[in-house]
Amino acid sequence: MFSPRVLKSASSFMCRGFGQMCRQGKAADMAEVRNRLREIVGASTNWKDHQQALAERTSLSQYLAQSQDELPAKTMKDSAVEAHLPLGSQPALREKYLNYHNSVRFGRILEDLDSLAVLICYSHTWNKELKRSPLSIVTALVDKIDMRKNIIYPDCDIKFTGHVTWVGKTSIEAKMHVSQYHDGAYTDVLDATFVMVARDPDNKRAAFINPLKLESPEEKAIFQQGEINKTRRVELSTASLLKVAPAAEERTLIHNLFLNTLDTRTVSFRSRILSPNSVWMEDAKMKGLEICHPQERNIFNRIFGGFLMRKAYELGWANACAFAGCRPTLVAVDDIVFRKPVEIGSLLLLSSQVCYTEGLHIQVRVHTEVLDPLSRQHSTTNVFHFTFCVEKDIPAVVPQSYGESMLYLDGKRHFDETMRSQG
């Protein structure tokens, strides 16, 4: 849910609040969004200088508020941002976003959404008396991305708009809307909800952010939806299969899957056979590895969250494509949790698993972890959930072990939640 009144003022806000980003009254493009973020935190485009600049940010701690009450309330309009991706007028830029299906690489859109969400939150917390922000604002999770169209044209301009919709004491929800100009009008592409957290200049502890001033019944309803989203996330976390046993109907489902794969010619729990048009989960995986170079760093000298999302999405898409034997279409992204930052120089291991299928839909889970080559220790950094759709019949994915059964149920939960939200 967005406020049309707030979004209508987004472009004018950019010119008023961040005048350096605008050219002759026009909204910023995505390159200017990233340049503005570097200005806000005092980051450098040179890696060696960048490290020094971040070290100097420690002195900004003196400007942090000791309580939220010290900070002035901001309106939704204060954080409203509009940015353009001029694919129609800049062929060189188009090359970066083009895929071999003559569409737009969705992983690049994920990178842009992540950058814009950070800028929206800095717009909400900006203190015009300071040259640099003492806050380190980072992505905590991607709550939901719902696709509104299947095709994103590679030669038509894309518009990003968004604003803050809910705040706590140290966390912020930002909603964004993406549309594309085609055949003389803008049409909806997607809606996204990100949750960001504010930390101190050293990115070590939580920091207070400005409260949100609600100016209309419409904005109160938007804020209330943010409260509902927060409650839902807490409930889902509490009911996680990593913490509690499956519900009774879920246990019955798993047992029926088990019975359907028993070999009736033997009296053994170990003898398993696949039903027709089925695939073992073990055979529906795909893995990848990334060496995290400085080129992919964010403004805080760690690996850019958008880069991680792009790599996870592309591996998940490839996994779904190989599983289905045809090109899948993204339906939704949900519940991407950033558990731990990824340091420059890390070995990033990505593991994609088709964990649930229903009808023409494929639910994919991508798990990422960093490997310390010296200690050989693995640490989970992210878990991603993607829902894809295809245009042909697909095999059913079947778990064998108890761990796979839990992945299956977790995938079903995410799929059911996606269908409910889109229904």
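Asn 102 has its place in the loop between helix H5 (91-97) and helix H6 (106-125), where helices (H or I, at least four residues) and strands (E, at least two) are DSSP runs numbered from the N terminus. The phi angle of Asn 102 is near 60°, a positive value in a residue other than glycine. Asn 102 counts as exposed because its relative accessibility is 54%, with buried meaning under 20% relative accessible area, exposed over 50%, and partly exposed in between (1.4 Å probe, protein chains only).

This is a predicted model, in which local features need pLDDT of at least 70 and side-chain atom pairs count only at pLDDT 80 or more, while totals for chains, interfaces and linings use all residues. Residues are numbered from 1 along each chain as its sequence is written, and side-chain values use heavy atoms, with hydrogens and water left out.

**Confidence**

- The protein chain has a mean pLDDT of 89, and 91% of its residues reach 70 or more, pLDDT being the predictor's confidence in each residue, from 0 to 100.
- Over residues 9-25 pLDDT stays under 50, and for this stretch the model has 38 contacts beyond four places in sequence, a contact meaning heavy atoms within 4.5 Å.

**Helix H6 against helix H9**

- The axes of H6 and H9 come within 8 Å and cross at roughly 155°; axes are lines fitted to C-alpha atoms, for helices over the stretch in contact, and angles run from 0 to 180 degrees between N-to-C directions.
- H6 and H9 are therefore roughly antiparallel to each other, on a scale that counts angles under 35 degrees as roughly parallel, over 145 as roughly antiparallel, 65 to 115 as roughly perpendicular and the rest as oblique.
- H6 passes H9 in a right-handed crossing, a crossing being right-handed if the near helix is turned clockwise from the far one by less than a right angle, and left-handed if anticlockwise.
- On the H6 side, Phe 106, Gly 107, Arg 108, Leu 110, Glu 111 and Asp 114 meet Gly 305, Gly 306, Phe 307, Met 309, Arg 310 and Tyr 313 of H9.
- Sorted by class, this contact of H6 with H9 has 5 nonpolar, 3 polar and 4 charged residues, where Ala, Val, Leu, Ile, Met, Phe, Trp, Tyr, Cys and Pro count as nonpolar, Asp, Glu, Lys and Arg as charged, and the others, Gly among them, as polar.

**Helix H8 against helix H10**

- Helix H8 (residues 248-260) packs with helix H10 (residues 402-422) at an angle of about 125°, and their axes are 11 Å apart.
- H8 and H10 are therefore oblique to each other, and H8 passes H10 in a right-handed crossing.
- From H8, the residues Glu 250, Leu 253, Ile 254 and Leu 257 meet Ser 405, Tyr 408, Leu 409, Lys 412 and Arg 413 in H10.
- The contact of H8 with H10 has, by class, 5 nonpolar, 1 polar and 3 charged residues.

**Individual residues**

- Asn 301 is found in the loop between strand E10 (285-291) and helix H9 (305-324), and at 15% relative accessibility Asn 301 counts as buried.
- Asp 335 lies in strand E11 (residues 329-338); its phi is near 55°, a positive value in a residue other than glycine, and at 31% relative accessibility Asp 335 counts as partly exposed.
- Ser 171 has its place in strand E6 (residues 171-182) and is buried, with a relative accessible area of 18%.
- Not counting residues up to four places away in sequence, Ser 171 touches Trp 166, Met 196, Val 197 and Ile 209.
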